[in-house]
Amino acid sequence: AAPAVAAANFNPFFPKGFGGVLVAMGLTFIAFEGYDLIATVAEEIKDPTVNIPRATYISVAISVAIYLMILFVCIAAVSSAGMTSWEFLGEYQETAIVMAAENFMPGVGVVIIVIGGLLSTMSALNATVLASSRVAFTLGRDRWLPAAMANIHPKNRTPHVAILATGVLVLLMGLSLPIQVVGSAASLLFLLVFAAVNLAAIRIRNMHPELSGGYRAPFFPWLPILGIVSNISLAVYQFTF
């Protein structure tokens with residue numbers, strides 16, 4: 001309805017400079033993190049050497065496209081007297097998208113966004129418990145965690161002890177810690193974990209060049225090195241911030 005106003009909301013494009021972009025990258029890294037959960041359930045995937053890389057690339061592409069579209073609409077559509085759109089979104093933080101929906105979809109916008117947010121949150125929690133329990137199950141099987149973690153339910157054939165332990169841990173953290181602390185800490189830890197994964201990829205490929213998992217990372221070892229440097233840099237920058 002007001003294209004000139006929408007265009008003005010993107011000027012300046014980097015209001016906090018490139019440093020602000022780096023902080024945002026570190027804090028929002030967790031929003032893109034779900035693709036690694038695909039690999040944690042490799043034992044339960046048909047033809048994993050083909051389907052895991054394919055599912056990873058598809059999930060990342062879909063997530064980036066959806067996030068960019070939502071971000072574009074929120075920045076362009078929000079109009080608040082005495083405050084730029086990005087300041088408005090920053091002021092209301094986790095409720096910002098709901099407030100934005102009230103502007104560009106009066107009446108039904110808030111309901112749609114709240115329901116979508118609840119569904120996506122439950123989906124993310126379900127995927128997190130699924131993947132984390134499988135990691136705990138594997139660690140229990142290798143005796144890095146108590147052996148009980150590797151117990152399989154006789155009827156459902158699921159690692160029920162690992163699932164219960166993971167669910168309890170998630171519940172305790174959700175009830176006892178501020179959501180901002182949980183989100184920031186999780187994003188920081190994931191940055192460090194992914195740096196370790198890139199380092200492990202280099203070490204495994206050098207030690208066992210004969211191994212073939214159906215997919216080999218291109219531009220080796222420069223791509224993993226770039227991953228290590230970028231992840232650690234973002235982690236240090238975020239921690240300092």
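## Contacts and cores

Contact means heavy atoms within 4.5 Å. Setting aside neighbours within four places in sequence, isoleucine 75 is in contact with Asn9, Phe10, Ser85 and Leu89. This is a predicted model, where local features need pLDDT of at least 70, side-chain atom pairs count only at pLDDT 80 or more, and totals for chains, interfaces and linings use all residues. Residues are numbered from 1 along each chain as its sequence is written, and side-chain values use heavy atoms, with hydrogens and water left out.

Ile75 also belongs to the largest nonpolar core. Such a core is a set of buried Ala, Val, Leu, Ile, Met, Phe, Trp, Tyr and Cys residues joined through side-chain atoms within 4.5 Å. Buried means under 20% relative accessible area, exposed over 50%, and partly exposed in between (1.4 Å probe, protein chains only). The core has 7 residues: Cys74, Ile75, Val78, Phe88, Leu89, Ala96 and Ala100. Helix H4 (48-77), helix H5 (85-92) and helix H6 (96-104) each give two or more of them. Helices here are DSSP runs (H or I, at least four residues), numbered from the N terminus. A second, separate core has 5 residues, including Phe29 and Leu191.

## Backbone details

The peptide bond from asparagine 11 to proline 12 is cis, with omega near 5 degrees. Proline 12 sits in the loop between helix H1 (3-8) and helix H2 (17-28).

Aspartate 47 has a positive phi, near 45 degrees, yet is not glycine. Aspartate 47 is partly exposed, at 44% relative accessible area. Phenylalanine 219 also has a positive phi, about 55 degrees. With 64% relative accessibility, phenylalanine 219 is exposed.
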